[in-house]
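Dear colleague,

I am handing over the structure below, together with some notes on what was found in it. Please read the notes with the coordinates open beside you.

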Amino acid sequence: CIMHFSILVLAILFTAAKSKMYGQIRRHGLLGSIRIQSWSPVTCLRGKKSNDRSSSTATAVIAKKNPSSSKKQMATLNNANITASVKLVKGKNRLFQDVGNPIIYGGAVEYVDGNPLPGEEVWVKDSEGNIFGRGFFNPFSQYRVRLMATCGATDGSSPLKDSNSLLSISLKDLITKRIVEAIALRNSMQLPSTMTSVYRLVNGEGDRLGGLMIDVIGNIVVVQSSALWVEYHSELIGSILEEQFNQNNSFPKKKIIWRKSESRLKQDGYTDQTLSENAVIETINESIEPLESPIHSNVSDDDDDVVVLENGVSYLCSPANDQKTGFYCDQRDTRMMIRALSSGRTVLDTYCYTGGFSLNAIIGGATQVTAVDSSQKALDALSANIALNTLNPDQVELLQGDAMAVMTSLHQQNRTFDIVICDPPKLAPSRAMLAKATNKYKKINTIAMKLVKPGGLLLSCTCSAAMTQALPPAGFEAMLVSAAKAAQREVSVLRSVGAGPDHPVLLSYPEGRYLTAALLFVT
């Protein structure tokens, strides 16, 4: 009995020590080579949920009992050429499998199997070790994995018809599929058309290509990179675009310019050492933001100026040198709305940039337009666009200066307008700056409301995602209430919209919303 009791005690102590050691190894991510077999997607492809909490053990057992089945399932995913994986912590499955959020934060990852390079693809496994998706890995960013495709819900229901094929196809085929879908979506909205040759072709997460923005600027395509994986796979993306432009009859021959959003790339772990030594950094003014983009391109810079059409209005653009991708196409529908409202009215267009709202107001029949910008370069571009559209320059008063200062001066002169437009640059680039930005937005809108004639209109905009997404008592509408009180005006919301339909937003990723354009009735 004593001997049996001693053996029992030793067994308990050994089990406890082994469990503690296992926990330490697991916490420190040292199981990569041991657990590599667990990426076999047996339960995912069968649409079943494993009851075994030890995913590596469960998979190994299945492989031993039915080796031919295991090999067959693993072969199904061979075309994807992915060897590493990440596993979610318990309790995080639903957010990514059922809800469909495309961004997996670092805190949702329990451990990493294998040694994926930054920007490479990995399998994404639920907390039980079953593969349900694939995405791009980045150990330097809080966006640890950007999901590219998933295989369905965790409740055993059948996945979408092509979900398994999205996991099994090559990366080139997957990116091609996403871009083809994006082209088809724009074509369904009559983009391009005889009236519009400038629009967004790929809108990041909205087109399931997070970190990749592509704008069509006439006969030039501008790719804007804001994620490490996009830079890592830049040659592949460029070749796919060229193939699509050559195959698709809706596209004329396109030139491709590649621009980097350096600030976002740095946040994504793309360091100064990896950025181009020829980066151009300029600080211009409040309306024209700092140029973020050194360019690596397949075209020469001297051939990059292009005339584009938006709703029949002509604009001269320089995609290689202007801000962002060369044109702000997210306000296309709102500019058209201003055209429809401007007949017989006076219009004040602050932060006018190259004149998108001003030009539409004139074409819409405005009696007088006053355009304000702190940049003489922007006002010169507006003058060029007035001439390009053969409009009367005498209808437009150009005022160069800080918008707040100019509006204050106009108020002191007792000037008022039927329509006032405020579309300032991004004032809240992050949530940490929201409180400070809210105060500035309030000051801008307070003076703007004072300049609106009783019964007139104010179009107030923000392109700050932090402001658009903020919930009461913060947020854009709450700021407008505060500004109306300060201006001693009564204000009603007639319309509040976001970016145009070529800027889709996933329902599962509301963080993709950044623009708010509110049309207000002011009495």
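Does Gln190 count as buried or exposed? At 55% relative accessibility, Gln190 counts as exposed, where exposed means over 50% relative accessible area, buried under 20% and partly exposed in between, with a 1.4 Å probe and protein chains only.

Before going further, please note that this is a predicted model, in which local features need pLDDT of at least 70 and side-chain atom pairs count only at pLDDT 80 or more, while totals for chains, interfaces and linings use all residues. Residues are numbered from 1 along each chain as its sequence is written, and side-chain values use heavy atoms, with hydrogens and water left out.

Gln190 has a positive phi of about 60° although it is not a glycine, and its place is in the loop between H7 and S7; helices (H or I, at least four residues) and strands (E, at least two) are DSSP runs numbered from the N terminus. That loop between H7 and strand S7 (198-203) also holds Pro192, and the peptide bond from Leu191 to Pro192 is cis, with omega near 0°.

Tyr351, likewise not a glycine, has a positive phi of about 55° and lies in the loop between strand S14 (346-350) and helix H12 (356-363), but Tyr351 is buried, with a relative accessible area of 7%.

Another cis peptide bond runs from Pro472 to Pro473, with omega near 10°, and Pro473 is placed in the loop between helix H16 (465-469) and helix H17 (476-487).

Turning to the strands, six of the seven residues of strand S20 (residues 516-522) are buried, so S20 is largely enclosed by the rest of the structure. S20 pairs in the antiparallel sense with strand S18 (residues 452-462) over seven bridges, pairing requiring that DSSP finds at least two bridges between two strands, and Leu459 stands opposite Leu519 in S20. Strand S19 (residues 491-497) also pairs with S20 in the antiparallel sense, over six bridges, and there Ser492 has Phe521 of S20 as its bridge partner.

As for the helices, H7 (residues 171-188) and H9 (residues 234-247) pack at an angle of about 50°, with their axes 10 Å apart, the axes being lines fitted to C-alpha atoms over the stretch in contact and the angles running from 0 to 180 degrees between N-to-C directions. That makes H7 oblique to H9, since angles under 35 degrees count as roughly parallel, over 145 as roughly antiparallel, 65 to 115 as roughly perpendicular and the rest as oblique.

With regards
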